[in-house]
Amino acid sequence: MTERAVLVEEVGKVFDGGVTALENVSLTIGAGEFVSLIGPSGCGKSTLLRIIADLEQPTSGAVSVFGLTARRARVEQKYGIAFQQAGLLDWRTVQSNVALPLELHKVPKRERADRVRELLDLVGLTDFAENFPTQLSGGMQQRVAIARALARTPGLLLMDEPFGALDEMTREKMQNDLLRIAEESSAAVVFVTHSIPEAVYLSDRVVVMSSRPGRVVDTLSIDSIDSFDADGDPRESAGFFAAITSVRDALHVSTIPSADVR
Ligand SMILES: Nc1ncnc2c1ncn2[C@@H]1O[C@H](COP(=O)(O)OP(=O)(O)OP(=O)(O)O)[C@@H](O)[C@H]1O
Ligand SMILES: [Mg+2]
């Protein structure tokens, strides 16, 4: 594994019909680094993530993932993805949705079953292993998608508002789990969110994007949670609120007044 998880070089994206979604976006994400993308609705966050995942082609510029082309990285399953839409296969049960990446990678059956059990436990869906996605709530479907993304403990996770559909307590739990998982597996994470506190809580760096066409207007380093100096919940520490204020200020400078930011 190289030092870099993702390298985005001067990427531009103009969609058919003429919408310029991204303009000259450059970004480096180190191995094991947690980076959030934040910016107003329609600024191209999902587009950027989809380009990194090779689900969309850039009009200009280039992307590499662990030194490979985006296509190669996709074929070799170098990353797990969890996007705004859970994207589950409705005809497969919860457990066989989670098992899919393992099947594709020819992981032996017994090992697969153990891993799926572990993952379902992690996302709190053990009792729903035999259910089908349509029998679950939106938040539960999202948790299945997250379990699936984690199945092969990838070195990179691409996540697009994965916790948007979750209630606040589940969301906090998933944030903590994600941090733990990312740390344990030394995975880099590229995480799109509209929530400033979420970005601050999770990230090593927060990348602030401008309204369309999306450009990177600021990158803020967030001190690690440990240095949020709280004995109790880091989310209640002074350092946490100070970091939130910095990101808010950067967003306000960089975006139109009606920016869709919570
Ligand atoms: N397939 C497509 N064809 C044409 N235009 C598109 C397509 N996908 C996205 N766009 C346009 O590109 C721009 C960026 O969209 P994108 O989904 O990346 O925004 P976003 O930052 O993820 O927004 P949100 O926060 O609402 O999810 C938007 O103006 C959108 O209309
Ligand atoms: Mg989006």
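These legends describe close-up views of a predicted model. Residues are numbered from 1 along each chain as written, chains are lettered from A and ligands numbered from 1 in written order. Local features need pLDDT of at least 70, side-chain atom pairs need pLDDT 80 or more, totals for chains, interfaces and linings use all residues, and side-chain values use heavy atoms, without hydrogens and water.

**View 1. An open sheet of 4 strands, with antiparallel pairing.** The strand order is E2-E1-E4-E5; strands are DSSP runs of E with at least two residues, numbered from the N terminus, and two strands pair if DSSP finds at least two bridges between them. Because E2 (20-30) and E5 (68-69) each have a single partner strand, one side of each is left without a neighbour in the sheet.

**View 2. The pairing of E4 with E5.** Strand E4 (residues 60-65) pairs with E5 over 2 bridges, in the antiparallel sense. Val-65 stands opposite Leu-68 of E5.

**View 3. The shell around ligand 1.** There are 14 residues around ligand 1, counted when a heavy atom lies within 4 Å of the ligand. Ser-41, Lys-45, Ser-46, Thr-47 and His-194 come nearest. Helix H1 (residues 45-52) gives the most to this shell, with 3 residues; helices are DSSP runs of H or I with at least four residues.

View 4. An oxygen atom of the ligand is 2.6 Å from a side-chain N or O atom of Ser-41. For a polar side-chain atom of Lys-45, the distance to a ligand oxygen atom is 2.8 Å. A polar backbone atom of Cys-43 lies 3.2 Å from an oxygen atom of ligand 1.

Key
Polar contact = N/O pair within 3.5 Å; in protein donor to acceptor, adjacent residues only side chain to side chain. Nonpolar A, V, L, I, M, F, W, Y, C, P; charged D, E, K, R; others polar.
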